[in-house]
Number of protein chains: 2
Amino acid sequence: MARLAAALPPGAVLTSPADRAAFETDWRRLHAHPALCVVQPGSTADVAAAVRICAEAAVGVVPQGGNTGLVAGAVPAEGAPQVVLTLRRMAAVRALDTVGDSVTVEAGATLQSVQELAAGAGRLFPLSLAAEGTAQIGGLVATNAGGLQVLAYGSMRALVLGLEVVLPDGSIWEGLRPLRKDNTGFDLKQLFIGAEGLLGIVTAACLRLFPAVTQRVTALAGVPTVESALRLFQAARDRAGTALTMCEFVSGEAMRLVARRVPGARPPFDAPAYVLLELSSPAADHPLRHAAETVLEEALAGGLALDAVVAQSERERLQLLRLREEISDAELADGGAVKHDIAVPIALIPETVAAVEALVRRRFPGYRLNVFGHLGDGNLHVNVRPPEGCSVAAIGPLYQDITCAVEDLAMARGGSFSAEHGIGQMRIASLGRYKSAVDLALMSALKRALDPHNILNPGKLLPAGQGRDARGGR
Amino acid sequence: MARLAAALPPGAVLTSPADRAAFETDWRRLHAHPALCVVQPGSTADVAAAVRICAEAAVGVVPQGGNTGLVAGAVPAEGAPQVVLTLRRMAAVRALDTVGDSVTVEAGATLQSVQELAAGAGRLFPLSLAAEGTAQIGGLVATNAGGLQVLAYGSMRALVLGLEVVLPDGSIWEGLRPLRKDNTGFDLKQLFIGAEGLLGIVTAACLRLFPAVTQRVTALAGVPTVESALRLFQAARDRAGTALTMCEFVSGEAMRLVARRVPGARPPFDAPAYVLLELSSPAADHPLRHAAETVLEEALAGGLALDAVVAQSERERLQLLRLREEISDAELADGGAVKHDIAVPIALIPETVAAVEALVRRRFPGYRLNVFGHLGDGNLHVNVRPPEGCSVAAIGPLYQDITCAVEDLAMARGGSFSAEHGIGQMRIASLGRYKSAVDLALMSALKRALDPHNILNPGKLLPAGQGRDARGGR
């Protein structure tokens, strides 16, 4: 570690356990392993120097952004000697182009700062998720983050125009261009998006901006069944097209949990389930309110909806959004859950929810379901809560049984066992279980081709033995 | 070749020079090298068997779709023994899902057939380009095709949900899922999109569909300068957002060429340059015509536009589109050109066009410029036409001088030397000239990791010595 301290600016290397602790512990406080030190580079050259030194010393490097991930992908894993490399000192804005609609920022910039920068320039950066005040651009790229507006704008991959990346040998890949089109050979930036830091460390990104939204209509509908929720989504999508920028599903259980646990949060009506819709557009003359009201009136008339409300003010809008945003905190306050992040083909959502309910009744009696998610993306958070009075920490091996059962159910429907949260440390077993031999061989081949000595983020994403150092290293 | 004939259905292997000829010659008729044979598999298993046999015999495999590419990427290159593998017998529709908005088709389906399939189901498949009647889905994926509606819907990469791919060793990668979100390890499908068949052969794709467009407003504006064209684009984008689905630039020279060469094609007014705009939306109540008229009125009032017309019927609309679509054919009829497909940051378009004009005046006197392209994507086709009476075939080494000069100019502005056409055989020299050592090393590492014996599409994309068989093979 002396070499790191010598190569980097003063204060860039933290070694005391107290200084390291926050960097060693994941957001959910489920994983904590010691790092040799925490490195805080201030420039891309610093990152490159640190990686080179670690590679020479055969020390693993764990890149860390805002450390808000849910699968312990940005903290050390057990075993190997590792350093945490935090990008938080690299948060500069390198360029803002309101003609070409792009912004170039360093990896440590928070999502919220980029949203605000865009808004200040009359533009929109559409990625939006609960942790946006803390989550950093580098981590959001490395995890291909999703969130609330994927329906209209796509995940982070769709928003990246260019990247600057430090490779596992400490060289720098310069791909920081703002071009909308560039078919000049393999599109290398795709390698690093969603690769969770295993193939390179993102040090800066050039991101797409959009025209600022000039109007926004938010509505909550109560629906009798999940099937109705799906049909309401279809009606809204077919009427509004890309102006439908959010379509969330909230089960009746999830809503009741929020109402019970969060002071002041209360749905305007009781219903078996809910759909939260938002239409928005930069076009001021697109009659979005009329469109939303028409969709809801037709849904009420046809029995797809039981009740509905359209926010009449920004205050009412934020109240509706809060009902969705508070679900995770309400769940935590109520004892936590075995969490899942599955996706299925959208048409299968109603049958999937029914199958999950049947599964829990049959195999985990007394357990309670908390289902919500991104309806328009086919992405459901299927959280299974222990019986009243029982904490999730106390359920022992049932935890893994529940996870396998829920994930099996998604995979049997051609789905995904991790729609937006990624693999990190917590879904490696699932990845080993569900990926084919061809999948695993391709992933290993990529890892070996770019990082043959397994320097970057060891112990994440790939099952043990896949893509590890062929010489039997870490 | 006897092994191929034995392993595949009767009639699947074509060996006579007459049968092979069309498969050996590229669309622009600039490249033609013999293949050992042409293989026409009827199934993914056939493709896998053919690739396995070729890999064992150390024979290169050139995947071919509709053979409409402009860089000779789908025909044999000089040197190595190769077979052409055409996907044309694999054109089945495997699934159509109008709830999840996806369609799964085999690689040999034409783009037009997929557009029509979508339209028949009340949906939109938005990729649109001149060769759509012939171009096939597999080739469009392998080249990350662009075209006229990239502005709102993205290139092919943005439209692919899943792929089925035969790998260089003949194994099959099964990634044909319709999921909107799936963060389970490295996103392997990204490897094959835009890789021009060097890493795998796409045999089927699951593609995104969109709500059908219910209204469409098309307008042509005459503008005094390229700067005005850019500002008109900005005004339309900021007013219409994603409803601005096309924004093309046509220089005055390009328009005069069409008017002279194409019977019945004539712009409604003369102008120094033109912008062709289209607004479209699935939302019937979005007043697009009013939006377009307002943008144009403001442009006329502010001097950004000199004249403008909005199509009042589908017939008028097609007349306007034809002015843009006929440019390449008019150019060919007039003697051809040294073609380029550059991109620059959008804000630099006016200065880039001025620099190109100055370059031709200074270094290639008597040569004539034909500039047009996808303004909203920063993508310009900068075509340089020989002096009157001189054919492009006769200009000798000037061809390469012109190409270098135009590409240098784009690259000096942080641009691209191939925005949408790719590399194939014709831009390999450019790739070697402009890519960094790190770029080339990464591309080679990928090729070696997936195709160590250089079986797939040899002699394309990578400069000689990059990613070739380490044992000194082909």
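## How much the two chains bury

Buried area is the accessible area, taken with a 1.4 Å probe, that two parts lose on being put together, summed over both. The size of an interface is often given this way, as the accessible area lost when the parts come together. Here, chain A and chain B bury about 6,300 Å² between them, with 61% of that on carbon and sulfur atoms. In chain A, the residues that lose the most area to chain B are A:Lys181, A:Asn183 and A:Phe186, which together make up 16% of what that side buries.

A word on the ground rules: this is a predicted model, where local features need pLDDT of at least 70, side-chain atom pairs count only at pLDDT 80 or more, and totals for chains, interfaces and linings use all residues. Residues are numbered from 1 along each chain as its sequence is written, chains are lettered from A and ligands numbered from 1 in the order in which they are written, and side-chain values use heavy atoms, with hydrogens and water left out.

## How the copies are related

Turn chain A by 180°, shift it 0.0 Å along the axis, and it can be laid on chain B with an RMSD of 0.0 Å (a least-squares superposition on the C-alpha atoms of residues with pLDDT of at least 70 in both). The two copies are thus related as by a two-fold rotation axis. Of the residues of chain A, the one that comes closest to that axis is A:His286, with its C-alpha at 2.3 Å. Both copies use the same surface: 100% of the contact residues of chain A recur in chain B.

## What holds hands across the interface

Contact means heavy atoms within 4.5 Å, and 79 residues of chain A are in contact with 79 residues of chain B. The rule for salt bridges (a side-chain nitrogen of Lys or Arg within 4 Å of a carboxyl oxygen of Asp or Glu) finds 12 of them across this interface. One of these joins the side chains of A:Asp101 and B:Arg237, at 3.2 Å from N to O.

Which element supplies the largest share of the side of chain A that touches chain B? That's α17(A), with nine residues. By class, that side of chain A has 38 nonpolar, 23 polar and 18 charged residues. For this tally, Ala, Val, Leu, Ile, Met, Phe, Trp, Tyr, Cys and Pro count as nonpolar, Asp, Glu, Lys and Arg as charged, and the others, Gly among them, as polar.

Helices (H or I, at least four residues) and strands (E, at least two) are DSSP runs, numbered from the N terminus. A:Ser251 sits in strand β13, residues 244-251. Is A:Ser251 buried or exposed? With a relative accessible area of 5%, A:Ser251 is buried (buried is under 20%, exposed over 50%, partly exposed in between, with a 1.4 Å probe and protein chains only). Not counting residues up to four places away in sequence, A:Ser251 touches A:Pro272, A:Ala273, A:Tyr274, A:Asn370 and A:Val371.

A:Ala308 belongs to strand β15, residues 307-310, and counts as partly exposed at 24% relative accessibility. Its partners, again leaving out residues up to four places away, include A:Leu220, A:Phe269 and A:Leu296.

## One residue of chain B

B:Thr403 lies in helix α15, residues 398-412, and is buried at 4% relative accessibility. Neighbours within four places aside, B:Thr403 is in contact with B:Val338, B:His340 and B:Arg427.
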